[in-house]
Amino acid sequence: MALPRQFLTYFLCTAMTAVYHCEATAPPPPPTGLNYSWLDPFTVNVSWQLPRGLQDREVWYKYRLVNDQTDKATTCLSWRNFTHRFLTEEMASDHLTYEVWTVGSKCDHHSNESTRVAITVRTPKPRAEVKDIRCFIDSTGMNCSWSPGNQPFNLSYR
C-alpha cells in the first residue's frame with residue numbers, strides 16, 4: 001500500500017512542477033493600441049496601452065526600427081512610449097516602421113518575449129518648397145540662404 005502512495009505523491013509533485021514551470025515561461029501578451037503623434041516637424045512620439053491582464057512594473061518593453069537589424073537598435077523601456085528625433089532627409093521614404101514587444105522583467109532574456117507588433121509612422125507632408133539653397137562656411141560657422149518657392153511660409157529647420 002505504501003508504494004502506490006509514494007508513486008501518487010511523486011506523480012502529483014512532478015505534475016505540479018511541470019504546470020508551474022509552464023506558467024512561469026509563458027510569454028507575456030503583446031502591447032496593444034499602438035499610436036503615434038508628431039510633437040514637432042522632427043520629433044515623433046510612439047505610445048501603446050498596457051497589455052491585458054498585466055500591471056505596470058510586471059513587464060518591460062522593447063522596440064526597434066524595422067530597417068535596423070543590429071543589436072544596438074533594440075531599446076528596452078519600463079514605460080509605454082518612446083520619442084524619436086530625426087531629419088526627414090535621413091529617411092529612405094515617407095514612412096518608418098517600428099516593432100514593439102513585451103518582455104519579462106529582465107530585458108536581456110530573449111526566451112520570454114511576446115509577439116512583435118508593428119506600427120508604421122508616416123512623415124508629415126512638406127508644407128513649403130524652397131529653391132536655390134546656398135551654404136558657406138566661415139570662421140563663425142555655417143551660413144545658409146534660400147529662396148522661397150511659389151508661396152510664403154513659416155520655416156522651421158534643424
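Modeller: In this predicted model, valine 130 is found in strand S8, which covers residues 130–138. Its relative accessibility is 33%, so valine 130 counts as partly exposed, the limits for that class being 20% and 50%. Together with Ile133 and Trp146, Val130 forms a nonpolar patch on the surface, and the accessible area of these residues together comes to about 250 Å².

Turning to the sheet, four strands make up an open arrangement in the order S4-S3-S6-S7, with antiparallel pairing. Its edges are strand S4, residues 75–77, and strand S7, residues 117–122, each of which pairs on one side only. On average, and with direction ignored, neighbouring strands in this sheet are turned by 25° against each other. Strand S6, which spans residues 95–103, runs antiparallel to S7 and is joined to S7 by six bridges; within this pairing, leucine 96 has valine 121 of S7 as its bridge partner.

The loop between S6 and S7 contains serine 114. Serine 114 counts as buried because its relative accessibility is 8%, and the cut-off for that class is under 20%. Leaving aside residues up to four places away in sequence, serine 114 touches the prolines Pro27, Pro28, Pro29, Pro30 and Pro31, as well as Trp101 and Thr102.

Note on methods
Residues numbered from 1 in each chain as written. Predicted model: local features only at pLDDT ≥ 70, side-chain atom pairs only at ≥ 80, totals over all residues. Heavy atoms only, no water. Pairing = 2+ DSSP bridges. Helix = DSSP H or I, 4+ residues; strand = E, 2+ residues; numbered from the N terminus. Axes fitted to C-alpha atoms, helices over the stretch in contact; angles between N-to-C directions. Buried < 20%, exposed > 50% of the residue type's maximum accessible area, 1.4 Å probe, protein only. Contact = heavy atoms within 4.5 Å. Patch = residues over 30% accessible without salt bridge, like charges linked within 9 Å, V, L, I, M, F, W, Y side chains within 5 Å. Areas by Shrake-Rupley, 256 points an atom, 1.4 Å probe, with all protein chains shown as cover. Salt bridge = Lys/Arg side-chain N within 4 Å of Asp/Glu carboxyl O.
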